[in-house]
Amino acid sequence: MRKLLLSAIFLATLSASGQDASRFDGAWNTTVTCEPKGSTLGYTLHFVSNVVGGVLHGERGTKGQQAYLAIDGKIGNGGNAKLTASGNTASAAYTHGPIKTAGEEYSYEVKAQFTETEGKGERSTGLGIVGRPCHWTFEKQAAETPKP
């Protein structure tokens, strides 16, 4: 009887953790807003990210081209995520830092927190010398209802 009870608890735990891993799955409206800093202009971008198996991926633009942006990372069971934003810079007017050439590669970390329906994240600015504040928001799209 005790083995049966322990097996049931173990299976329930596995089932619950499996549900947690995929509870974030779906399409997410993604917005990133980077504030102006010094003479560098600010901007806001909108695109769709997808989460499959708790792993987020979104991109805007064409990989390798100017103004390309990708966001990637795993969302933990508790909703915490350490994401990586990477891409290629747009025009020099929107590029902050010592290198202001359009098309240069860049990347930075985003620390985010998700619930089943929304998420918020902030760019890690490190020492703050090169980085500037960038705010990320994620809004889960409603799942489509299957048609009969």
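## A first look at a predicted chain

Threonine 95 counts as buried because its relative accessibility is 6%, where buried means under 20% relative accessible area, exposed over 50% and partly exposed in between (1.4 Å probe, protein chains only). You will find threonine 95 in the loop between strand E5 (80-88) and strand E6 (105-114). A polar atom of the threonine 95 side chain lies 3.1 Å from the backbone oxygen of serine 91. Leaving aside residues up to four places away in sequence, threonine 95 touches Thr40, Thr89, Ala90 and Lys100; contact here means heavy atoms within 4.5 Å.

A word on the model itself. It is predicted, so local features need pLDDT of at least 70 and side-chain atom pairs count only at pLDDT 80 or more, while totals for chains, interfaces and linings use all residues. Residues are numbered from 1 along each chain as its sequence is written, and side-chain values use heavy atoms, with hydrogens and water left out.

### The overall plan

The chain has 1 helix and 8 strands, and from the N terminus on its elements run α-β-β-β-β-β-β-β-β. Helices (H or I, at least four residues) and strands (E, at least two) are DSSP runs, numbered from the N terminus. Of the 148 residues in the chain, 27% are buried. Among contacts with a separation of 6 or more, 48% come from residues 24 or more positions apart. The accessible surface comes to about 9,200 Å², and carbon and sulfur atoms hold 58% of that surface; such areas come from the Shrake-Rupley method with a 1.4 Å probe, and for residues only the protein chains shown count as cover.

Two strands pair if DSSP finds at least two bridges between them. Valine 32 has leucine 45 in E2 as its bridge partner, whereas asparagine 29 has glutamate 139 in E8.

Which residues have the most contacts inside the largest nonpolar core? They are Val32, Ile71, Leu83, Tyr108, Phe114 and Trp136, in a core of 21 residues. E6 gives the most, with 4 residues. A nonpolar core is a set of buried Ala, Val, Leu, Ile, Met, Phe, Trp, Tyr and Cys residues joined through side-chain atoms within 4.5 Å. Valine 32 touches Tyr108 and Trp136, and its other contacts include Leu45, Phe47 and Leu69, not counting residues up to four places away in sequence.

### Two salt bridges

A search of the whole structure finds 2 salt bridges, each a side-chain nitrogen of Lys or Arg within 4 Å of a carboxyl oxygen of Asp or Glu. Side chains of opposite charge can pair when their charged atoms come close. Here are the two pairs.

| Glutamate 116 | Arginine 23 | 2.2 Å |

Glutamate 109 in strand E6 and lysine 82 in strand E5 are 27 residues apart. Glutamate 109 is partly exposed because its relative accessible area is 33%, while lysine 82 counts as exposed at 54% relative accessibility.

In the pair of glutamate 116 and arginine 23, glutamate 116 is partly exposed, with a relative accessible area of 38%, and arginine 23 counts as partly exposed at 24% relative accessibility.

Asparagine 88 sits in strand E5 and is buried, with a relative accessible area of 8%. A polar atom of its side chain lies 3.2 Å from the backbone oxygen of glycine 103. Gly103 is also one of the residues that asparagine 88 touches, along with others including Gly64, Tyr68 and Tyr106.

Glutamine 141 belongs to the segment after E8 and is partly exposed, because its relative accessible area is 33%. Where does glutamine 141 lie relative to tryptophan 28? The two are 113 residues apart in sequence, yet 5.5 Å apart in space, C-alpha to C-alpha.

Terms used
A polar contact is a pair of N or O atoms within 3.5 Å; within protein, one must be able to donate a hydrogen and the other to accept it, and residues adjacent in sequence count only if both atoms are side-chain atoms.
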